[in-house]
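Please consult the sequence and the structure alongside the text.

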Protein chains: 2
Amino acid sequence: MNPDSTITGVAIVGCGNVGGATAKILSQDSDILAERLCTQLRLKYIVDVDFTYAGSLSLDKSLFCDDLETALADDSVLIVAELIGGIDTARDVISRSLRAGKHVVTANKALLAQHGPELFAVARENGVSIAFEASCAGGIPIVRALLDGLVSNRLDALFGIVNGTCNFVLTEMARRGITYAEALAEAQQQGLAEADPTLDVSGMDSAHKLAVLASLAFGRKIEFMKIPINGIDNLQQCDVAFGESLGYVIKLLAIAERQDEGIALRTRPAFISREHPLAWVSGPFNAISVYGNVCGHTMYYGRGAGGMPSASAVISDMCSIAMGNWLQLFNSLPAWPDRAENAQQLPIEAVRSRYYLRVMCDDRPGVLGKITTILGRRNISITSVLQHEPAEDSMEGVPVIITTHRAVEGDVRNAIEEINSMDEVNSETVCIGIVEEYPEDIK
Amino acid sequence: MNPDSTITGVAIVGCGNVGGATAKILSQDSDILAERLCTQLRLKYIVDVDFTYAGSLSLDKSLFCDDLETALADDSVLIVAELIGGIDTARDVISRSLRAGKHVVTANKALLAQHGPELFAVARENGVSIAFEASCAGGIPIVRALLDGLVSNRLDALFGIVNGTCNFVLTEMARRGITYAEALAEAQQQGLAEADPTLDVSGMDSAHKLAVLASLAFGRKIEFMKIPINGIDNLQQCDVAFGESLGYVIKLLAIAERQDEGIALRTRPAFISREHPLAWVSGPFNAISVYGNVCGHTMYYGRGAGGMPSASAVISDMCSIAMGNWLQLFNSLPAWPDRAENAQQLPIEAVRSRYYLRVMCDDRPGVLGKITTILGRRNISITSVLQHEPAEDSMEGVPVIITTHRAVEGDVRNAIEEINSMDEVNSETVCIGIVEEYPEDIK
């Protein structure tokens with residue numbers, strides 16, 4: 001269509017789910033891409049050590065290559081897409097590609113969360129860039145929104161549903177009243193959870209994405225190891241139901257907020273008002289709410305995983321590199337982790353939030369008074385108390401549900417320890433954060 | 001922060017709601033912007049003919065200037081923001097600015113919808129660009145999503161709630177069961193609707209935005225005059241309620257879809273399943289669902305109007321121009337209206353959709369049979385029929401609610417004409433489109 005059309009050569013390293021989808025789109029949709037771009041992306045190499053899966057995709061087998069150096073030595077290759085995942089090999093592939101003067105596209109949140117600054121610096125030394133839209137929330141262009149679309153804002157908070165497996169499990173627990181184990185089994189049956197789902201259900205995957213997104217939103221270097229991480233694997237059905245009766249929906253949230261003393265980051269199951277748009281996000285979908293000081297609340301929604309949505313992000317990154325606008329952003333923003341100052345990351349004890357507590361205690365006079373006295377002594381003020389009838393077969397006593405005003409998490413933890421040590425309390429108190437709508441101040 | 005910091009001079013033309021907010025942010029938030037950018041935006045001129053409002057904003061009065069030529073003659077001004085609105089003067093301001101070698105930022109959807117190609121061509125002739133994120137959906141970075149974030153996709157459909165006034169009115173009608181007139185009065189009281197709300201409630205404003213968004217999504221020139229436009233001003237409360245009983249929510253939607261024979265565009269009140277994320281968008285918020293052939297469904301949500309959200313988009317555009325990435329996009333994409341081919345815009349008679357019909361007819365034997373026979377003869381197949389008891393004071397007979405499978409709108413219109421001419425039918429049949437979820441095909 002465009003007579004000035006130039007050709008940008010591409011190598012894909014790792015031909016699994018995302019790499020395979022990327023290779024197929026680049027091979028099959030070249031007419032669509034040609035109509036969208038003044039430049040042409042051409043897939044030149046599919047680098048891997050095992051082509052069993054790649055061989056099943058009706059790709060051009062002459063692209064298969066088992067030596068990265070061959071692709072790196074080809075001057076027509078301008079972009080290398082690292083789609084193997086994991087840490088050590090991926091890091092080596094990216095580092096070698098950058099040093100060979102290739103731009104890198106990656107979907108690897110774990111690697112970026114842990115070694116982002118080092119890799120960004122290598123890119124800059126070699127006059128190239130790293131693009132990573134696919135690393136967070138699959139097909140949703142959230143990286144560009146944070147860096148470019150909302151660049152005029154001081155970003156104050158980010159709440160993300162960034163793991164589709166967990167969101168599916170929690171949606172099923174809430175809608176159908178089934179247990180965590182039942183919902184997880186169903187996710188596995190539908191191919192939405194791995195046989196070993198630990199990375200997802202532990203909150204680790206969400207925390208990787210949080211580290212990447214928060215570093216962009218706040219323009220600060222994030223220490224991944226300092227992010228408090230809780231998963232959904234201990235979540236009990238009764239808490240999902242009690243929360244619902246209070247007007248809340250449970251979501252695994254990646255949370256980043258400016259608070260008075262620093263930046264509060266954490267990944268955990270949390271209650272959010274059913275009026276909040278994130279509460280509506282069901283099944284395997286992802287969504288991220290971002291709060292800016294000028295734009296107020298914006299939200300981005302879409303498929304957060306899967307070969308095709310991730311390939312959408314990978315190939316959009318390739319396009320932006322080919323068009324030149326990505327390199328401009330990469331060079332013009334101070335927000336990149338290799339340039340930015342360290343974030344003031346609050347230890348979890350200093351984070352402020354609202355909380356939901358479920359205390360299992362004997363149905364005796366004075367117990368509630370003791371509990372509320374413990375909370376009051378630590379400046380934890382109560383918004384609601386619900387004492388429920390004991391469950392039929394419960395040996396643990398009566399559930400007392402308490403919601404609190406905004407309090408300091410360290411105080412809440414100390415109070416819980418004290419409550420748990422009461423004679424009348426029969427099991428560990430359950431504590432779940434309640435996310436408040438971040439206040440917009442944009443009149 | 002950055003030693004290489006350069007300065008980009010900016011002139012704002014038109015200091016009303018959006019211009020005033022933009023001027024305030026540029027004046028007050030320069031430290032925030034300096035931390036986000038390697039370049040510095042400096043407001044040099046506020047051009048207007050009347051500074052009554054500007055004077056009330058505690059802006060630096062030495063910036064006030066009543067002659068555009070002064071700003072255009074200043075070589076340090078690289079960007080002119082046209083924020084006066086309207087057609088003729090705005091067109092002249094933009095054209096002169098471009099010819100003076102200034103990049104232009106505008107929020108003017110009416111102008112872009114009607115004269116976009118001409119202005120884009122002038123920009124290109126003069127080696128500069130036009131940026132217009134604020135023209136559609138205020139603070140939501142939807143223009144960038146369509147052009148950059150989703151560039152790897154063939155975009156197949158776009159459904160937008162892009163007018164906050166109408167969405168507020170419809171939300172109140174649905175939630176509280178009040179009439180259109182009551183809801184509009186409340187919107188006016190809350191400052192969410194103009195004293196003369198015609199531009200909003202007629203669907204015209206949404207159609208302007210649809211023209212801009214569809215031209216970017218499909219990479220085609222859109223003829224604004226060919227877009228069928230219906231507003232919410234004739235909507236009756238009973239249809240909102242009947243729709244709700246069928247599982248639908250009423251929204252004023254800007255709709256763009258690829259259909260077999262061409263591109264189907266229209267702006268109208270339409271029913272959408274309450275399971276669809278757009279159904280959740282309430283009050284003055286905007287949201288746009290976009291369907292790509294690779295990413296599937298993505299949605300973008302936020303405040304679609306107001307000084308601050310619009311200023312967020314205006315200043316983000318200034319930043320992208322200052323960083324250089326916007327010019328790269330402007331030059332590298334064939335999608336721009338001045339370069340693109342004409343869209344195959346379907347006449348409304350050829351559009352395919354599902355429909356909701358309300359026929360007011362006598363409660364006599366055989367009437368329903370006659371109606372369904374008329375529909376059947378025109379290949380309109382029925383999904384549901386609900387016959388309701390007559391309203392207490394109704395002189396118009398019994399409402400018969402019919403929903404159809406996908407049908408051709410011309411056939412539906414002809415059928416309605418025939419139904420309306422039946423002796424047993426007492427008033428004009430109401431016809432409202434039902435938007436189906438666009439099928440994702442991204443396994």
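A:Lys209 counts as buried because its relative accessibility is 5%, where buried means under 20% relative accessible area, exposed over 50% and partly exposed in between (1.4 Å probe, protein chains only). This is a predicted model, in which local features need pLDDT of at least 70 and side-chain atom pairs count only at pLDDT 80 or more, while totals for chains, interfaces and linings use all residues. Residues are numbered from 1 along each chain as its sequence is written, chains are lettered from A and ligands numbered from 1 in the order in which they are written, and side-chain values use heavy atoms, with hydrogens and water left out.

A:Lys209 belongs to helix α11 of chain A, residues 204–218; helices (H or I, at least four residues) and strands (E, at least two) are DSSP runs numbered from the N terminus. A polar atom of the A:Lys209 side chain lies 2.7 Å from the backbone oxygen of A:Val162.

In chain B, six strands form an open, parallel sheet in the order β3-β2-β1-β4-β5-β6; two strands pair if DSSP finds at least two bridges between them. The edge strands, each pairing on one side only, are as follows.

| Edge strand | Residues |
|---|---|
| β3 (chain B) | 64–65 |
| β6 (chain B) | 130–131 |

Strand β5 of chain B (residues 103–106) runs parallel to β6(B) and is joined to β6(B) by two bridges. B:Val104 stands opposite B:Ile130 in β6(B).

Terms used:
A polar contact is a pair of N or O atoms within 3.5 Å; within protein, one must be able to donate a hydrogen and the other to accept it, and residues adjacent in sequence count only if both atoms are side-chain atoms.
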